[in-house]
There are 2 protein chains.
Amino acid sequence: MKEIAKLMDYRSDVRVVDATLRDGGLVNDFYFTDEFVRALYLANIKSGVDYMEFGYKASRELFDENKFGKWKFCKDEDIRAIVGENNTDLKIAVMADVGRCDYKNDILNKADSPIDLIRVATYLNTIPLAADMIENAAKKGYEVSCNIMAISNTQERDLEAALDILGKTPVDVFYIVDSYGALYPEQIARIADTFLNFASKYGKKVGIHAHNNQQLAFANTIEAVGDGVDWLDGTYAGMGRGAGNCAMELLLGFLRNPKYSVFPVFQFVDKYMTKLREEGTVWGYDLQYLMTGLLNQHPRTAIQFTKDRRNDYAEFYKELVVQD
Amino acid sequence: MKEIAKLMDYRSDVRVVDATLRDGGLVNDFYFTDEFVRALYLANIKSGVDYMEFGYKASRELFDENKFGKWKFCKDEDIRAIVGENNTDLKIAVMADVGRCDYKNDILNKADSPIDLIRVATYLNTIPLAADMIENAAKKGYEVSCNIMAISNTQERDLEAALDILGKTPVDVFYIVDSYGALYPEQIARIADTFLNFASKYGKKVGIHAHNNQQLAFANTIEAVGDGVDWLDGTYAGMGRGAGNCAMELLLGFLRNPKYSVFPVFQFVDKYMTKLREEGTVWGYDLQYLMTGLLNQHPRTAIQFTKDRRNDYAEFYKELVVQD
């Protein structure tokens with residue numbers, strides 16, 4: 001049981017990151033209208049969100065620019081077209097995937113860029129390359145986080161070794177990423193404890209990015225903040241791959257720091273997210289995602305099930321268990 | 001942080017209660033087909049659920065029998081038509097609402113009834129009447145629980161006084177009921193602690209019935225079970241009033257006791273719950289329920305919003321805050 005005071009009071013070190021365009025972009029191949037992105041930017045400013053993640057810096061060698069919206073690539077000029085000089089308190093983030101980003105060329109010097117934070121996303125087996133990307137981004141002048149994906153599949157000793165390597169880089173934030181939505185709050189508490197030990201040793205912060213396969217994205221996020229995790233990812237209406245993420249409206253409703261305000265989030269969801277759903281964009285909790293979460297599997301089979309407009313859940317479960 | 005062992009192992013005292021017909025009946029005025037009820041009964045048996053709640057024993061003086069399906073009234077012969085002699089491990093429950101039940105007449109002697117458990121539902125201000133109903137049901141030979149509704153609106157001293165009164169009755173289980181879906185896991189832990197203290201003093205068990213206004217019904221339920229709460233309510237596909245309840249498929253996926261099996265739940269949801277939704281029955285998490293949960297209000301305004309097929313969320317929030 002956590003202390004009562006924690007619910008009433010707040011920790012000023014908490015940072016809220018809006019990942020709608022980035023994780024939500026995985027649902028609609030990053031085809032957001034400029035109006036949507038601009039309105040989201042304004043809603044984030046109004047609601048006191050700390051960082052807005054615009055999308056990926058994806059390699060244009062690996063990905064065809066004609067097959068994705070522009071936020072898959074996040075060219076600096078495209079961000080600039082939305083935010084201008086961004087003379088606001090809202091900082092700008094992009095994600096750089098290990099092995100899928102020409103970081104040496106595509107990430108400019110901070111002095112020439114509207115971007116503030118580079119989020120390096122890695123699996124546990126590519127930590128050395130992640131470390132190189134971190135060094136590169138830090139040298140160029142950015143804040144840097146390292147997002148360790150598929151954390152529910154890692155062994156604790158390997159994770160500790162990874163955090164020890166990352167601790168020696170100039171990274172600012174270690175991120176817990178429950179890519180499969182497989183973890184329960186008790187496990188988040190345990191993992192947060194490991195992350196926080198290394199963070200404390202190396203003077204870093206810890207963040208969490210949760211998925212909603214078991215309707216626990218918000219619960220796991222507030223478990224983590226109660227444990228001392230400071231950086232919290234949310235997305236409007238929970239928009240994100242598969243079962244989606246921790247809903248920004250739940251998160252800002254929970255946080256007590258008066259700088260946050262949930263009403264602009266309601267306004268944005270009302271005006272823009274309902275429309276996206278009506279146009280046929282599908283995300284959010286459903287049984288197929290619960291099943292892959294429960295079995296600690298990548299959601300790709302569940303995403304395919306959704307794309308195929310199947311709803312024979314029991315048959316799908318049989319397929320998963322037989323494959324297992 | 002709870003102990004690691006708790007997640008791997010299980011507590012054999014845990015009891016799972018399927019409240020689909022009762023709380024779900026509040027969504028469709030208890031108009032379930034006999035085929036649905038029979039299949040649900042069989043699914044509960046197969047999945048190892050401990051109790052199945054058939055509905056309310058509602059007063060036929062207060063409620064017009066022509067305006068509700070039969071599970072609003074749960075006549076013993078109607079239950080018997082589904083379960084026969086019920087020679088199974090699944091026990092049968094009904095809810096008796098304080099002030100809305102002719103309990104002296106409508107609850108027969110256990111010896112003549114297929115019912116095993118009477119769930120007395122009360123607000124905090126009607127505890128003496130609840131105590132009388134408990135005495136009556138126990139004398140007739142039933143197991144009895146007392147479900148204290150709207151727990152998020154109670155003051156702790158009042159709650160303690162109520163539990164002290166109830167402790168002296170023959171009730172078997174005290175139930176925490178988060179009617180408004182307003183509570184966070186940290187608060188559940190605190191409330192469970194209070195309940196468990198009185199339960200231990202008087203030799204009672206503790207249960208939880210959660211609502212999903214903030215996507216926390218499942219999270220609050222597993223928080224509670226980690227704290228020592230034994231009786232857990234779930235509903236198939238989370239069907240229940242407003243934002244609905246803890247989904248049975250999440251709960252049985254989580255519980256480790258080998259007597260439980262989640263697959264029959266998937267099968268039932270696949271075959272029956274999807275159909276209910278397609279026919280227009282609406283329940284589950286949505287922004288209007290998040291808002292009433294956040295403001296710790298009864299969901300009636302949000303239910304009306306849903307009935308009116310409104311989706312102007314921001315306007316609704318303004319109405320709530322202005323009324324407040």
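How much area is buried between chain B and chain A, and what share of it do carbon and sulfur atoms give? About 3900 Å² is buried, and carbon and sulfur atoms give 71% of that area. Buried area here is the accessible area (1.4 Å probe) that two parts lose on being put together, summed over both.

This is a predicted model, in which local features need pLDDT of at least 70, side-chain atom pairs count only at pLDDT 80 or more, and totals for chains, interfaces and linings use all residues. Residues are numbered from 1 along each chain as its sequence is written, chains are lettered from A and ligands numbered from 1 in the order in which they are written, and side-chain values use heavy atoms, with hydrogens and water left out. The model scores ipTM 0.94 and pTM 0.96. Chain A has a mean pLDDT of 96, with 98% of its residues at 70 or more; pLDDT is the predictor's confidence in each residue, from 0 to 100.

Now the interface. Contact (heavy atoms within 4.5 Å) links 46 residues of chain B with 46 residues of chain A. Six residue pairs are in polar contact, both residues at pLDDT 80 or more. Such a contact is a pair of N or O atoms within 3.5 Å; within protein, one must be able to donate a hydrogen and the other to accept it, and residues adjacent in sequence count only if both atoms are side-chain atoms. On the side of chain B that touches chain A, H11(B) gives the most, with seven residues.

Helix H12 of chain B spans residues 287-294. Helices are DSSP runs (H or I, at least four residues), numbered from the N terminus. Seven of the eight residues of H12(B) are buried, among them Leu287(B), Tyr289(B) and Met291(B). Buried means under 20% relative accessible area (1.4 Å probe, protein chains only). The buried residues of H12(B) pack against H10 and H11 of chain A, together with H13 and H14 of chain B. Just after H12(B), Asn296(B) takes a positive phi of about 55 degrees.

Finally, turn to chain A. Thr20(A) lies in helix H2 (residues 20-28). Thr20(A) counts as buried because its relative accessibility is 0%. Its side chain joins that of Asp18(A) in a polar contact of 2.4 Å. Leaving out residues up to four places away in sequence, Thr20(A) touches residues including Phe32(A), Leu40(A), Tyr236(A) and Met273(A).

Conventions. Buried means under 20% relative accessible area, exposed over 50%, partly exposed in between (1.4 Å probe, protein chains only). Helices (H or I, at least four residues) and strands (E, at least two) are DSSP runs, numbered from the N terminus.
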